[in-house]
Each structure stands twice: as C-alpha cells, then as structure tokens.
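Subject: Structure for your review

Dear colleague,

My notes on what was found in it follow directly after.

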Amino acid sequence: MSDVVTGEAVVVEVRFAQLPSRAVALFIDVLVQGVLLYAVFAMVGNVGLRADSALFAALSILFSALVMVGYPVIFETLSRGRSLGKLAMGLRVVSDDGGPERFRQAFFRALAAVPEIWLLAGAPALITSLISERGKRLGDIFAGTVVISERGPRDRSLPAAMPPQLAAWAAGLELSALPGEVASTARQYLARCHQLAPQIQHEMGVRIAAQVASFVSP
C-alpha cells in the first residue's frame, strides 16, 4: 500500500499495480487489438482489390490508428480508467492525485503507447516501469496517471464503532447521493485517524465531515 495526496490534501491509501498483472492486462488488450486489426485489414483488403493503392493505404492507416489509439481511449474514458485487460485483472488507471482518469489523459497514454508498445515491442514501458517507484510507463509519466490494483488484500481492521448517541440518526440516514470518492476518503480517514497527530486528525476530520454532510440527510 502507498499514500496518494488528493486535490483536497487528503491522504488516501492505494495499491499500485504490479508489473506481472499489468503485463497480463496488456497482453489481453494487445490480443484484442490484434484481432481487431486482423479484421480491419481483411476488410480493407477486400476494398483494396477494387480500389487504387492510395485509397488502400489511407484506409489502412485510418483504421489502424482507430484500433491502436481509439480502443484504449474509448474504453478507459467510458469505464473510468479500465480497458478490457485491466477489467479482467482488476486494475484501473487514475490521476496522480487519485482522481478518475480524464479523456485528455487517456488520449496521451494511447498516443504514447504507439511508439512505446507497438513500435518498440514494449521495451521502453518495461524499463520505465522497473525504474519508477509507482510502476509508471512513459505514457503514465506524460499523462500524469498511475495504474492501481482494485483487488488488494481485504482490510482486516475492525470498523469504526457507531457512537450510541448517533444510532437513531444513523438508522434513518439517506446515503444515495454520497459520491464514492467521498465515501472512500471518509473510510480511509476512519481507518487511519488514530495514526495522525491530534491537530491534523481534527482538521482532516472536520473537512471530511463537512464534505460528507453536504451529501447526506438528515
């Protein structure tokens, strides 16, 4: 587990993805893209039999770019940082501050993957992942992202106890509007607040409580 400081200056624990799981996820994605490229070239080849060579080359470049760049951008944007390979391995791409991956970041990662993974057989990605403390490849460095694992070991610590005087209030609490990011931040704080200095514990507690209170009722 490692610490990530969010934009609200809250420290959140995350588990950075290990190289073997990332390699398997990449293999799955490359396999899917390879199948798509084969289908695309088969289709373009049929068109090329009836068209000139310039049209064949243009269509080949266009569809190859759509598969190599469009596939990761579309999947990671719509699924908030997960391609098919990452989904299978329980991985997710997030911003350096722990926030969700943005379209711009997914686009930069996909562009960097063309020379980094496709043209150079993944050698730069392997080297930079081994050097980086967070396991970043070049695309992650350029985009300001990191790959985390969502299948870490379960937290065996006991949950925070409900104060008896708040039991009646909690019984009728409406939490449907509470964002997952805020709930996760609050959960992490409750699990680690005893490790913080009293002043920091109070300041963070007040700030997180105010965030939670703005989404819950009564």
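I begin with Arg 104, which is placed in helix 4. Its relative accessibility is 46%, so Arg 104 counts as partly exposed. Thr 77 stands 27 residues from Arg 104 along the chain, and the C-alpha atoms of the two are separated by 9.2 Å. Please keep in mind throughout that this is a predicted model.

Overall architecture

The protein contains 9 helices and 4 strands. Along the sequence these elements follow the pattern β-β-α-α-α-β-α-α-α-β-α-α-α. The protein has 218 residues, of which 33% count as buried. Among the contacts with a separation of 6 or more, 63% are made by residues 24 or more positions apart.

Annotated transmembrane regions

An unreviewed UniProt entry places the feature "transmembrane region" at residues 23-42 and 54-74. What does the chain look like over residues 23-42? It is 100% helix and 0% strand there, with the end C-alpha atoms 28 Å apart. Over residues 54-74 the chain is likewise 100% helix and 0% strand, and the end C-alpha atoms of that stretch are 28 Å apart.

Pro 72 is located in helix 2. Is this residue, Pro 72, buried or exposed? Pro 72 has a relative accessibility of 15% and therefore counts as buried, the cut-off for buried being under 20%. Leaving aside residues up to four places away in sequence, Pro 72 touches Gln 33, Val 67, Thr 77 and Ala 110. Ser 83 is 11 residues from Pro 72 in sequence, and the two are 6.2 Å apart in space, C-alpha to C-alpha.

Aromatic pairs

How many aromatic pairs does a search of the whole structure find? The search finds 2. Tyr 71 and Phe 75 form a tilted pair, 4.9 Å centre to centre and with 50 degrees between the planes. Both Tyr 71 and Phe 75 lie in helix 2, 4 residues apart, which is about one turn of the helix. Tyr 71 counts as buried because its relative accessibility is 7%, whereas Phe 75, with a relative accessible area of 32%, is partly exposed.

Phe 103 and Phe 107 also pair: their ring centres are 6.3 Å apart and their planes are at 15 degrees, so the pair is stacked. The limit for a stacked pair is an angle under 30 degrees between the planes. Phe 103 and Phe 107 both belong to helix 4 and are 4 residues apart, about one turn of the helix. Phe 107 has a relative accessible area of 34% and is therefore partly exposed.

The second largest pocket

Rolling a probe the size of a water molecule over the atoms shows where empty space is left. The second largest pocket holds about 440 Å³ of space. It is lined by 26 residues, and those closest to its centre are Arg 22, Leu 26, Lys 86, Ile 117 and Arg 137. Helix 1 (19-50), helix 2 (53-78), helix 4 (103-119) and helix 5 (123-131) are the elements that give two or more residues to this lining. Which element gives the most to the lining of the second largest pocket? Helix 1 does, with 8 residues. By residue type, the lining divides into 16 nonpolar, 4 polar and 6 charged residues.

Backbone details

- Arg 80 is not a glycine, yet it has a positive phi of about 60 degrees. Arg 80 lies in the loop between helix 2 and helix 3 (84-89). Its relative accessible area is 41%, so Arg 80 is partly exposed.
- Ala 121, also a residue other than glycine, has a positive phi near 55 degrees. Ala 121 is placed in the loop between helix 4 and helix 5. With a relative accessible area of 71%, Ala 121 is exposed, since exposed means over 50%.
- The peptide bond from Ser 217 to Pro 218 is cis, with omega near 0 degrees. Pro 218 is found in the segment after helix 9 (198-213).

With kind regards

Conventions
Residues numbered from 1 in each chain as written. Predicted model: local features only at pLDDT ≥ 70, side-chain atom pairs only at ≥ 80, totals over all residues. Heavy atoms only, no water. 1 Å grid on protein atoms, 1.4 Å probe; cavity = no way out; pocket = protein on both sides within 12 Å on 5 of 7 lines; lining within 4 Å. Points joined across faces, edges and corners; volume = space filled by probe spheres on them. Nonpolar A, V, L, I, M, F, W, Y, C, P; charged D, E, K, R; others polar. UniProt positions renumbered as here; feature names shortened; annotations may be inferred. Buried < 20%, exposed > 50% of the residue type's maximum accessible area, 1.4 Å probe, protein only. Contact = heavy atoms within 4.5 Å. Phe/Tyr/Trp six-rings, centres within 6.5 Å; stacked < 30°, edge-to-face > 60°.
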